[in-house]
Amino acid sequence: MSRKFQCKAVPSTWIEKYARRLDCGPYMSGAIEARELLRQLSARKDHLQDLTKGGISGIINAGRITRLWVEDAEHGFPFLSSTDILQADLSNISHIAKSVARQNNQLLIKDKWTLITRSGTIGRMAYARSDMDGMACTEDVLRVIPNKEKVKPGYVYSYLSTKFGVPLITSGTYGSIITHLEPQHIADLPVPRLGAVEDQAHELVQGAADLRVEAAELLKTAGKIANEQFGFPENLALSHRVFSCAVASSTQVLQRLEATFHDAVAQESDRLLAGVPHKDELSTLGISISETGRLKQVFVDEEYGAPFLTSGEIFRLRYEPTRFLSYRLLPDESEWATQEGDLLLARSGQVGGIIGRGVWADRRFAGGCVSVDVLRLGAQNSAILPGYLYAYLFLTDVGYRQLIRTAAGSSIPHLSAPDILRLQIPRCDNKIEEQINELVWNAGHKRAEAQEKEDEARTLVERTIEEGGR
């Protein structure tokens with residue numbers, strides 16, 4: 001028995017009302033409101049493709065590429081994934097063969113471009129800094145190349161990353177399981193022209209980019225000074241990719257049985273460290289290592305909770321907690337609250353990934369809470385300067401190898417506080433340690449200031465649009 005179905009036209013107002021709840025297609029949350037407010041704005045509006053170099057060809061999807069990795073920087077380009085463009089530290093990223101880049105001239109990026117993730121989590125953005133110039137970048141990131149004769153690059157980035165730009169970008173996505181974004185989806189995106197505000201926004205964004213580059217250089221200098229003091233090489237071999245055999249004494253094997261603890265690279269780090277005349281065990285220096293533990297995670301609105309960061313989120317360029325743990329269920333603040341100058345250590349993950357890597361807690365992190373997968377090292381009241389300790393552990397390869405060799409576990413290795421406290425810390429002249437400490441602190445100040453400038457630019461653009469372009 002057949003049935004007849006009747007289709008009735010649905011009022012557009014109903015679609016706009018309920019599609020926002022479904023968070024779908026062109027009616028993705030916020031997009032309608034953004035379009036309507038921009039429509040009412042009296043200021044001139046240009047299409048994005050009219051402000052990019054070469055029109056729509058200035059919005060680039062590089063296309064699929066062959067992944068051919070190399071270990072020697074001489075034969076490859078640093079390769080940025082869609083996650084890497086959001087990271088603060090680009091010193092440990094993989095390299096893709098130069099032959100791959102020669103096959104696709106759209107693979108390499110330049111500074112002052114706006115980078116937008118186009119696959120998976122759509123609409124995350126970064127402003128290409130000078131230290132990213134000439135790097136290769138995944139096809140999962142769109143490149144927006146501004147025409148500098150028509151618009152300031154920093155303004156393009158600040159507008160696209162506002163609460164108006166992001167919804168318009170994400171509303172163009174397609175796909176159900178893994179969503180995607182193509183250049184044509186944002187080519188006609190309206191960009192309001194705001195006169196002098198564009199110059200101000202650009203100066204703020206460019207200033208933020210320059211501060212981040214300066215911070216990276218300061219940390220690089222700190223690591224270089226530490227290496228030079230002890231005659232350490234800049235890099236040891238990648239032990240997890242090197243097939244080799246090593247011989248260890250029975251006494252050492254009785255202490256730790258894992259092959260990775262005794263491999264050739266770990267033993268080389270031991271040999272280099274043995275050549276340093278003055279060393280202190282970390283446990284004797286008054287370092288506190290805090291393990292947040294498995295707290296009951298009840299997330300609340302921002303005003304009722306402490307910012308919560310995972311081991312992946314601490315490495316991001318921008319400090320942007322999205323979850324907040326209820327103050328009512330947290331123990332005493334001394335047990336969980338991060339202080340400026342703490343060292344945040346990723347304690348779990350795959351070897352060669354984030355495990356054993358660390359972050360300097362600048363003022364943005366103060367009062368925040370980190371997950372159980374992060375160890376918090378406090379050295380403010382210890383017999384060693386926190387910036388110097390950070391430089392040795394995280395900016396020298398010898399320090400990193402000493403840390404990572406202690407990881408235990410097969411599927412997901414972990415670092416333990418007792419093992420870390422047994423590490424030997426090389427010491428040098430007090431003035432050198434003070435110099436290194438100051439470099440690290442200054443780098444933290446610059447990173448915090450950079451985010452403040454970027455936020456100021458975004459707020460300036462949003463406020464100007466909301467006030468009708470005035």
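Buried means under 20% relative accessible area, with exposed over 50% and partly exposed in between (1.4 Å probe, protein chains only). This is a predicted model, where local features need pLDDT of at least 70, side-chain atom pairs count only at pLDDT 80 or more, and totals for chains, interfaces and linings use all residues. Residues are numbered from 1 along each chain as its sequence is written, and side-chain values use heavy atoms, leaving out hydrogens and water.

**Exercise 1.** Work out which residues of H11 are buried, and what they pack against.

*Solution.* Start with the naming: helices (H or I, at least four residues) and strands (E, at least two) are DSSP runs, numbered from the N terminus. Next, go along H11: Asp-397, Val-398, Gly-399, Tyr-400, Arg-401, Gln-402, Leu-403 and Ile-404 are buried. That's eight of the eight residues, so helix H11 is largely enclosed by the rest of the structure. Finally, look for contacts (heavy atoms within 4.5 Å): the buried residues pack against helices H9, H10 and H12 and strand S15.

**Exercise 2.** Find how H10 and H13 are arranged.

*Solution.* For H10 and H13 you get about 85°, with the axes 7 Å apart. Now classify: under 35 degrees is roughly parallel, over 145 roughly antiparallel, 65 to 115 roughly perpendicular and the rest oblique. H10 and H13 are therefore roughly perpendicular. Last, check who meets whom: residues of H10 including Tyr-388 and Tyr-390 meet residues of H13, among them Ile-436 and Trp-441.

Conventions
Axes fitted to C-alpha atoms, helices over the stretch in contact; angles between N-to-C directions.
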